[in-house]
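Here is a short briefing on one protein model. Keep the sequence and the 3D view open as you read.

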Amino acid sequence: MSGAFITLEGIDGSGKTTQAGLLADWLRKEGHSVRLTREPGGTHIGETVRDLLLSPDRNMTPTAELFLYLADRSLHVAEVIRPALEKGQVVVCERHADSTLAYQGHGRGLDCDLLRRLNALATDGISPDLTIVLDIPPDHARLDENSLDRLESEGREFLARVAEGFRKLAREEPERVKLIDGSPDAHIVNAQVTSLVRRLLQT
Ligand code: TMP
């Protein structure tokens, strides 16, 4: 497979969507063919699963939530990520398997070893070449308090556990998972993101 797989991670309101868009623009200007996508979502069924997962009025157990994220991921890898990589595209994906470890593992308290095995099943052996975590204090999360989705409504303590989960992932896999400060202005964060991606694509 000749493309590159880059994921952007971080707690809700950390600026991932802005940074994913800026990164895709920059990559296109550099001459790359880019596939910008996201989880949950990114496929037809995935967007329906996303609605089920994020709708604030749904009852959900942590296990049901987990399987929906995994089902979404399996389809997303098969329909979008693998074909794009096989075509040599650079895939920029908002959230992927690390979100399951941070949210369902550190946030909900499910067993991380089990989650890794389930992620391996869902991703069918594909894993990011580079993962950039936008690290912000949960109090700085840029959330619209009037329209919180189901996960965003979990509150700041939940987000703090998730943020710590992402930091732990960066410590465990420093070559792949890079933690950067997501608090400054978008263009400053973007400069750090592009510098990491430039380094990846040059190797
Ligand atoms: P977002 O696309 O606005 O970030 O919303 C997706 C939400 O889903 C966010 O709260 C994080 C959560 N999530 C998980 O809990 N586990 C996962 O595996 C993924 C991909 C997302």
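H5 supplies the largest share of the lining of the second largest pocket, with four residues. The model is a predicted one.

- Sorted by class, the lining of the second largest pocket has five nonpolar, five polar and four charged residues.

**The largest pocket**

- The largest pocket has a volume of about 470 Å³.
- Its lining is made of 25 residues. Asp12, Lys16, Arg50, Arg95 and Asp149 lie nearest the centre.
- Four helices each supply at least two residues of the lining: H1 (16-29), H2 (44-54), H3 (62-86) and H4 (97-107).
- H4 gives the most to this lining, with four residues.
- By class, the lining of the largest pocket has eleven charged, eight polar and six nonpolar residues.

**Strand E4 and its partners**

- Which strands does E4 pair with? Strand E1 (residues 4-9) pairs with strand E4 (residues 130-135) in the parallel sense, over four bridges. E4 is also joined to E5 by five bridges, and these two strands run parallel.
- Thr7 has Thr131 in E4 as its bridge partner. Glu9 has Val133 in E4 as its bridge partner.
- On the E5 side, Leu134 has Ile180 as its bridge partner.
- Is E4 enclosed or open? Six of the six residues of E4 are buried, so the strand is largely enclosed by the rest of the structure.
- Leu130, Ile132 and Leu134 point one way from E4, while Thr131, Val133 and Asp135 point the other way. All of these are buried.

**Helix H4**

- H4 is mostly covered, with ten of its eleven residues buried.
- Among the buried residues of H4 are Ala97, Asp98, Leu101, Tyr103 and Gly107.
- What do the buried residues of H4 pack against? Their neighbours are E1, H3, H5, E4 and helix H6 (156-172).
- Gly109 follows H4 and has a positive phi, near 90°.

**Where H3 meets H5**

- The axes of H3 and H5 come within 8 Å and cross at roughly 35°.
- From H3, the residues in this contact are Leu66, Leu70, Arg73, Ser74, Val77 and Arg82. They meet Leu115, Leu118, Asn119, Ala122 and Thr123 in H5.
- By class, the contact of H3 with H5 has six nonpolar, three polar and two charged residues.
- An α-helix has 3.6 residues a turn, so residues three or four places apart point the same way. Keep that in mind when you look along a helix.

**Asp51**

- Asp51 has its place in helix H2.
- Is Asp51 buried or exposed? Its relative accessible area is 52%. A residue counts as exposed when this value is over 50%, so Asp51 is exposed.
- Asp51 and Pro40 are eleven residues apart in sequence. In space they are 9.0 Å apart, C-alpha to C-alpha.

Methods
Residues are numbered from 1 along each chain as its sequence is written. This is a predicted model: local features need pLDDT of at least 70, side-chain atom pairs count only at pLDDT 80 or more; totals for chains, interfaces and linings use all residues. Side-chain values use heavy atoms; hydrogens and water are left out. On a 1 Å grid over the protein atoms alone, a cavity is a set of points where a 1.4 Å probe fits but cannot get out, and a pocket is an open set with protein on both sides within 12 Å along at least five of seven lines; lining residues have an atom within 4 Å of a point. Grid points are joined across faces, edges and corners, and a volume is the space filled by probe spheres set on the points. Ala, Val, Leu, Ile, Met, Phe, Trp, Tyr, Cys and Pro count as nonpolar, Asp, Glu, Lys and Arg as charged, and the others, Gly among them, as polar. Two strands pair if DSSP finds at least two bridges between them. Buried means under 20% relative accessible area, exposed over 50%, partly exposed in between (1.4 Å probe, protein chains only). Contact means heavy atoms within 4.5 Å. Axes are lines fitted to C-alpha atoms, for helices over the stretch in contact, and angles run from 0 to 180 degrees between N-to-C directions.
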